[in-house]
Amino acid sequence: MSGREILLRAEAVGKRFGGFTALQGIDLELRAGERLGLIGPNGSGKSTFVNCISGDFAAHDGQVTLAGKPLAGLKPHRRARLGLARTFQLPQPFTSLSVLENVRVPLLFSGEAAEASRRALDCLEQVELAGKADKLPKELTQVEQRRLELARAIALRPQLLIADEAMAGLSHAEVDQIIALLLRLNAAGTAVIMIEHIMRAVTAFAERLIVFVAGRKIADGPPQAVLALREVEDAYLGKQ
Amino acid sequence: MSAATLPAPALPPALPKERKHLTYWLGAAAVAAALIVVLRLIGNEYGWYAGYFVLQYVVLAAAWNILGGYAGYVNFGAAGFMATGSYTAVVLNEAFGFDVLPGILGAAVVAGLLGLGTGYLTLRLRGVYFSIATLCLSVVLQTLVVNWDYVGGSRGAYIIRPRSVPPFLSYGEYIFVVMLVLAVIAVGIGRTVEMSRLGRGLQAIRDNERAAEAVGVPTLRLKLIATTLSGALMGVAGAPLPFYAGYINPEGAFNLAYAVNCIAMPLIGGAGTWLGPVIGAVLLATLQQAATVTISSALNLWIVGWMLVLFVALAPRGILGWFRRR
Amino acid sequence: MDPDLSLLLNGIVSGLLLGGLYAAAASGLAVSFGMLDIVNIAHPVLMVAAGFFVVLVGTALGLDPLLVAVLQAPLFYVLGIGLYTAYNYFFERRGDEALQGLAFFFGVMFIIEVGLVLLFGPEQRFLDPDYAFVTWRLGEIDVPLRMLIPALLAMASIGALYWFLQRTFTGLAIAAVAQDPEALRLMAVDPVRIKRIAFGISVALASIAGGALVVVQPIDPSTHNVFIGRVFAICIMGGMASLPGCILAAFLFGVVENLTATFYGPSWAPAVAFGWLLLVLAVRPQGLFGRAA
């Protein structure tokens, strides 16, 4: 693992809303192909951190680089084309477009327009939605909408995928489906940051775990070691 | 998971895009030619004028639809953009003696830039701010024109037009044919947008702008392209107006009817489809043209307002929505 | 005194008085647009419609226009409830508020404007109370009661609204609906009901603003057009949901517009509104007095 190069580097990332500090002094290094779990109680700054990396929050403290390239000032769509994909806590499909068209959209704008239909179907096959290519998003079940969201992210050929609570509200079996999917994607070389409340999913997936509490990173290391820490237990697990 | 047992879905047949485009242009040319023949057979000068009135709305509705229908950004200032086109043509005529055709080109450039500027200042924010800005735009442009003596201020400006332009039988026929060609082009542009990745990107923006940005759609750039294109086409629709009437004044150029019709026509026909604005424009403009003979123009517009409200409430996808699944 | 200075001072004072009228017009929008996020572009035309009814009733019964405006406010409250109910039923509930909802309010605006033309004709209407012709002189500064009395009524009604929002349960719920509808549900308050009440209040404020408008100037059905830019610019400048911000922005706006009219000619006044609106949107969309998002 130490042989792999650094893909994402965050230095002293912070974000304030008016007088409220949502995130402070976050340092993070992520290597190519790594599987990172990010946990923390509600309001601990996880989604804020994701939005700083994805470019949804244009202004924040500190800096972020992807494969050595500073991301400051780049809009989300530029970051997406650099290989930084994300999913949303609530699935955000393009409601008037078919499932296939949903996945074609990223391809049309990433230099794969000529091959868009074929590759979109490929991506749908990877998430096992190819059979529903003609459906509208609202005709999908919840887990299918989550998989559509992942297919759209996969279409970007991401180096890094940030899965923001991609399993909230899913059943036990459905969670396993999504984990298997993410593992397959990771095996193909994509680094994944999994933000999740479902501890079973995080421990099954992550090879490294970081913990946010009140906008700060309080732990970083192998999952078992991190979960054994007293602070983590107090601040997070104890309250669950 | 049952996907393995499902038959592999066939890809949609590779789109023979060039042929589909050719079909449109040939079809539109045939319809246009047929229209000219029929109106010649009727042989009434009023026919050209009524036809012009309807076609002008086809251009306006198609133009509005590019931004409003596909991207979901509501432009309330159609009258302002259109009047910009009309007055650009007037100025070019006054200053250089330009005829209607160069006037149309100039109008496209000026109105397009106006669209770009308005969009640039407001489109980085939520869509409603763009709408509010366009709502005020007409009022301000009207103020400017009223205060501008070069184009006659509130008295208006006259244009001396040729009696006829060979090979056309009358100037009415000529200006009708000009507007007919513009309508075919405007609808064709709308249709091309719909079938291109620009259109797909705009639809993604309409459905969910944040998600569109997250999957790599350059949302601001696409919106600016759409505003510029839409504004330019509205200017184009307005450029022949002073030639058509021989006269233009601010009250006429910034008429309330344009603003309401530009929104009502696409929404009633079916916004976000290239055909919807055409249906809405032909239907509403013909009704209004017929109704002006029998009822006052205010009552006429009042009915359009009610139709707009009833359609958006009860049939939000317009007339075409009755026939399509999505 | 130097005539230019006197002109300037008078311009500022009458600008402040004009700002009182603008505050009345914009405060209703601060409730609907600012707090409820409903882009009611028909608000100015509702104000003008109220003005027409003030003229009609005031002339017929010989009543003071401002009194009529206050008396008819409950009717406009009911009208607002009806409008919101339709808007919520057809658009907000379906999630169609962006395109169709905007078009709906545009249609309503249009129907009212043209409806006024059909009912009253396009001519200007006015109803001048006796005090409209009285001007107080303070040194070299003129304070026309035509402007002062409506401004005082505006301040009084905005004050009452402010008290209501700060001190009553329903008022607090209205403030909360803007920020956190979920919290309201936990308090067992129906957000739709709260929004209905708030929207009713905003339209009732349009009635009072309409009365103030009639005292200040003659009106015709298209008067609302120049007010759209003004009230939205003021509302956005004031930080959307903030009543004190709205009043400050209205005064500032009135002064700037009035000075422009004094020194450059009144026909340029509408351009001021638009210029300000664009400037605010481009530079400080969170408003002059709002906090950064």
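**Backbone exceptions and an enclosed strand**

Asp37(C) is partly exposed, since 16 other C-beta atoms lie within 10 Å; that count falls between the limit of 12 or fewer for exposed and 20 or more for buried. This residue of the predicted model sits in the loop between α1 (3–35) and α2 (43–61) of chain C. Its phi is near 60 degrees, a positive value in a residue other than glycine.

Most residues other than glycine have a negative phi, and most peptide bonds are trans. Ala12(A) also has a positive phi, near 50 degrees, without being glycine. Ala12(A) belongs to strand β1 (residues 6–17) of chain A. Ala12(A) counts as exposed because it has 11 C-beta neighbours inside 10 Å.

The peptide bond between Pro166(B) and Pro167(B) is cis, with omega at about 5 degrees. Pro167(B) lies in the loop between β1 (157–158) and α6 (171–195) of chain B.

Chain A also contains strand β3 (residues 35–39), where four of the five residues are buried. Strand β3 of chain A is therefore largely enclosed by the rest of the structure. Two pairings of this strand can be followed in the model. With strand β8 (residues 191–195) of chain A, β3(A) runs parallel, joined by four bridges; here Gly37(A) is opposite Met194(A). With strand β9 (residues 208–213) of chain A, the pairing is parallel and has four bridges. In that pairing, Ile39(A) has Val211(A) of β9(A) as its bridge partner.

Methods
Residues are numbered from 1 along each chain as its sequence is written. Chains are lettered from A and ligands numbered from 1 in the order in which they are written. This is a predicted model: local features need pLDDT of at least 70, side-chain atom pairs count only at pLDDT 80 or more; totals for chains, interfaces and linings use all residues. Two strands pair if DSSP finds at least two bridges between them.
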